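Biologist: I would like to learn how to read the features of a model. Please take me through them in turn.

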Amino acid sequence: MPSEFDLIERYFTRPTRQTVLGVGDDGAIVRVSQGMELVISTDMLVSGTHFLPATEPEALGWKTLAVNVSDMAAMGAKPRWAVVAVALPQEIAASEPWIAAFARGLFACAENFSIDIIGGDTTRGPLNLCPTIFGEVPQGQALLRSGAKQGDEIWVSGKPGRAALGLAHLQGRCILNEPVLADCLDAINRPQPRVALGIALRGLASAAIDVSDGLLADLGHILARSNVAATVHVDRLPDVPACSDTTLARDCQLSGGDDYELLFTAAAGRHGQIEALSSTLGLALTSIGNIGPGKGLTLQDADGRPLSIARRGFDHFAP
């Protein structure tokens, strides 16, 4: 069995493009561009909590970095560098084909978003993947959760709910048929961070967040930080993918999470600019509600009647 350092050298050491010093020393050295601010985030993925233990390792490598890239997108930042800490069970540490496939997925995502992997750590333990990512944004232009204002519209990118539906199918809670099945499994296994959208929203969006815990739960974070209320018109949401259980499909859309779409607010007067941006990026951007005074979140149907929903999203420590 190769040593820890052999594994790092063989699978996780690559040439870097925008780094003074990368993997191999006690620390990496990077040079931040003049006039830019550094944005830093970390997201841990734990086997059995954030992904199924049987997840294909190359897809897992992609997702491990992609969910962190999505945090950069939500801040309007360009991802630049990442360090990756991994805990590997003995049976995986001894399986170089698994590690090789994981590394392929990890570096495929890094290449796609021009990110340098500049270090990290490896240890033996339950499968646990923890990248920390660094990005740059022009001074004063980062997108925050705290900027939503009364009168703003609420927008979401893409089609939220696909990843949660894919998981529901794998868990036997619903049946998806092709091509919906392939699309939903791709959404959960190989999420596509909306970096180009986040950068384009600088100066356009008033607040933003990525949908990781569920659309309603993550909107709640914006409302709490901005000290405002919201109304979501459920009939305006993108179409729910065809599923054998329509109630479950709607729950996945509102509360499922793991989509890594961007949820953002913008002044109503910016509506036309956002529609034009949707066309430019080739990405669906849908206005689903409005920001108002007070506190709390209200759901309405097509006739303006209030709707109730038991689950708002995922909480690691909920009973």
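Modeller: Start with a helix pair: the axes of helix α2 (residues 57-74) and α4 come within 6 Å and cross at roughly 35°. Axes here are lines fitted to C-alpha atoms, for helices over the stretch in contact, and angles run from 0 to 180 degrees between N-to-C directions. Helices (H or I, at least four residues) and strands (E, at least two) are DSSP runs, numbered from the N terminus. The model is predicted: local features need pLDDT of at least 70 and side-chain atom pairs count only at pLDDT 80 or more, while totals for chains, interfaces and linings use all residues. Residues are numbered from 1 along each chain as its sequence is written, and side-chain values use heavy atoms, with hydrogens and water left out.

Biologist: What is the handedness of the crossing of α2 and α4?

Modeller: The crossing of α2 and α4 is right-handed. A crossing is left-handed if the near helix is turned anticlockwise from the far one by less than a right angle, and right-handed if clockwise. Contact means heavy atoms within 4.5 Å; among the residues that make it are Trp62 and Leu65 of α2 and Trp98 and Phe102 of α4. The contact of α2 with α4 divides into 13 nonpolar, four polar and two charged residues. In this scheme Ala, Val, Leu, Ile, Met, Phe, Trp, Tyr, Cys and Pro count as nonpolar, Asp, Glu, Lys and Arg as charged, and the others, Gly among them, as polar.

Biologist: How should I read the other helix pairs?

Modeller: Two packed helices are described by the angle between their axes and the distance between the axes. For α5 and helix α6 (residues 180-189), the axes come within 7 Å and cross at roughly 105°. That makes α5 roughly perpendicular to α6. Angles under 35 degrees count as roughly parallel, over 145 as roughly antiparallel, 65 to 115 as roughly perpendicular and the rest as oblique. The contact of α5 with α6 has nine nonpolar, two polar and two charged residues.

Biologist: At what angle do the axes of α5 and α9 cross?

Modeller: The axes of α5 (residues 162-170) and α9 (residues 246-256) cross at roughly 130° and come within 8 Å. The two helices are therefore oblique to each other. Their crossing is right-handed. Ala164, Leu165 and Ala168 of α5 meet Leu248, Ala249, Cys252 and Gly256 of α9. By class, that contact has six nonpolar, one polar and no charged residues.

Biologist: Which strands stand at the edges of the sheet?

Modeller: Two strands pair if DSSP finds at least two bridges between them. Seven strands form an open sheet with mixed pairing, in the order β7-β9-β6-β10-β8-β11-β12. β7 (207-210) and β12 (306-307) stand at the edges with a single partner strand each, so one side of each has no neighbour in the sheet. Helix α8 (residues 215-226) packs on the sheet, and its direction makes about 145° with that of β7. Within the sheet, β8 (residues 229-233) and β10 (residues 285-292) pair in the antiparallel sense over four bridges. Val232 has Gly289 as its bridge partner in β10.

Biologist: How do I read a salt bridge?

Modeller: Side chains of opposite charge can pair when their charged atoms come close. The rule asks for a side-chain nitrogen of Lys or Arg within 4 Å of a carboxyl oxygen of Asp or Glu. By this rule the count comes to seven salt bridges. One of them joins the side chains of Glu136 and Arg80 (2.4 Å, N to O). Glu136 lies in strand β5 (residues 128-138) and Arg80 in strand β3 (residues 78-88), 56 residues apart.
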